[in-house]
Amino acid sequence: MQSLYRNGFEKIYDEMYQSFIDYDDEFNFYSKIIKNHNKQSVLEIGCGTGNLGKRFINSNLDYMGLDLSEDMINLSKLKNPKGAFAQGDITNYTIENPFESTIITGRTTSYLLSNKTIISALKNIHNNLTNKGLLCFDFIDASRFIKSIKGGKKVFHEACFNNNCYYRESYMKDNDLDNFMFNWDAVYYQKTKSEPIKLTEDKSVVRAFTKNEWELFLYLNDFELIEFIDRKSYAFDTYVVVAQKKI
């Protein structure tokens, strides 16, 4: 969904996703996992506009947010002046002090389309975690989701925030590319009292995964799988991975 990540559209993304995602629930979910494993610091990859980051900043955890989009990071800093945010690529970011835990949120893993990119990301995350550091991320479950969109599926989502109302018309279809990828075409509108205003559109290729794929990726890149958590999220069937860096 690259169009909503820059050039002013990140503000629309910010408003829409506060209706799509329950950030209080997201914070409670991830912070509980982090605290259960006795970690005191967390790096969030794919932090977007800082809505989840805001909750972490107000907690007792040491937090930093990372995102590929500089515009999203700038908005995160504007909304959270006391927070630490940086622009960076999941495959090659560097931070001064390793974190005890890393979370990858918002199904950001869906944009890791090639096995080479996944391996680069996992190696880089491994290098920026402390010993026995925690890695936690969500992914679209191919075994359920690809079946649900076989032949094509139209999906409608509506979002209202601060008296602004938007809607998104999506068309998702399995394709013949490798690695359980699918096409996601989306058109975004703002509601008005008369005709809706078309804001932007996206044509993306996105990847879903099986549990077995992630189990093998983690093993090959020196992470120990702790558990898979079946967790419902809007639009997709999702699993959350909890893993630990091997020494």
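**View A. Arg-144, partly exposed, and its salt-bridge partner Asp-141.** In this predicted model, Arg-144 counts as partly exposed because its relative accessibility is 25%, where buried means under 20% relative accessible area, exposed over 50% and partly exposed in between (1.4 Å probe, protein chains only). Its side chain meets that of Asp-141 in a salt bridge, with a distance of 2.5 Å from N to O; the term denotes a side-chain nitrogen of Lys or Arg within 4 Å of a carboxyl oxygen of Asp or Glu. Asp-141, at 1% relative accessibility, counts as buried. The model is a predicted one, in which local features need pLDDT of at least 70 and side-chain atom pairs count only at pLDDT 80 or more, while totals for chains, interfaces and linings use all residues. Residues are numbered from 1 along each chain as its sequence is written, and side-chain values use heavy atoms, with hydrogens and water left out.

**View B. The salt bridge between Arg-231 and Asp-25.** The closest N and O atoms of Arg-231 and Asp-25 are 2.7 Å apart in this salt bridge. The pair links distant parts of the chain, 206 residues apart, with Arg-231 in strand 10 (residues 223-232) and Asp-25 in helix 2 (residues 23-36); helices (H or I, at least four residues) and strands (E, at least two) are DSSP runs, numbered from the N terminus. Arg-231 is buried at a relative accessible area of 13%, whereas Asp-25 is partly exposed at 41%. Together with Glu-26, these two residues are linked in a network of salt bridges.

**View C. The salt bridge between Glu-201 and Lys-198.** Here the closest N and O atoms are 2.6 Å apart. Glu-201 is partly exposed, with a relative accessible area of 35%, and Lys-198 likewise counts as partly exposed, at 46% relative accessibility. The structure as a whole holds 11 salt bridges.

View D. Ser-101 counts as buried, because its relative accessibility is 0%. Its side chain reaches the backbone oxygen of Ser-41 at 2.6 Å. When residues up to four places away in sequence are not counted, Ser-101 touches Ile-34, Lys-39, Ser-41, Val-42, Leu-43, Leu-129 and Leu-134, contact meaning heavy atoms within 4.5 Å.

**View E. Helix 5 (residues 115-127) and its buried residues.**

Technical notes:
A polar contact is a pair of N or O atoms within 3.5 Å; within protein, one must be able to donate a hydrogen and the other to accept it, and residues adjacent in sequence count only if both atoms are side-chain atoms.
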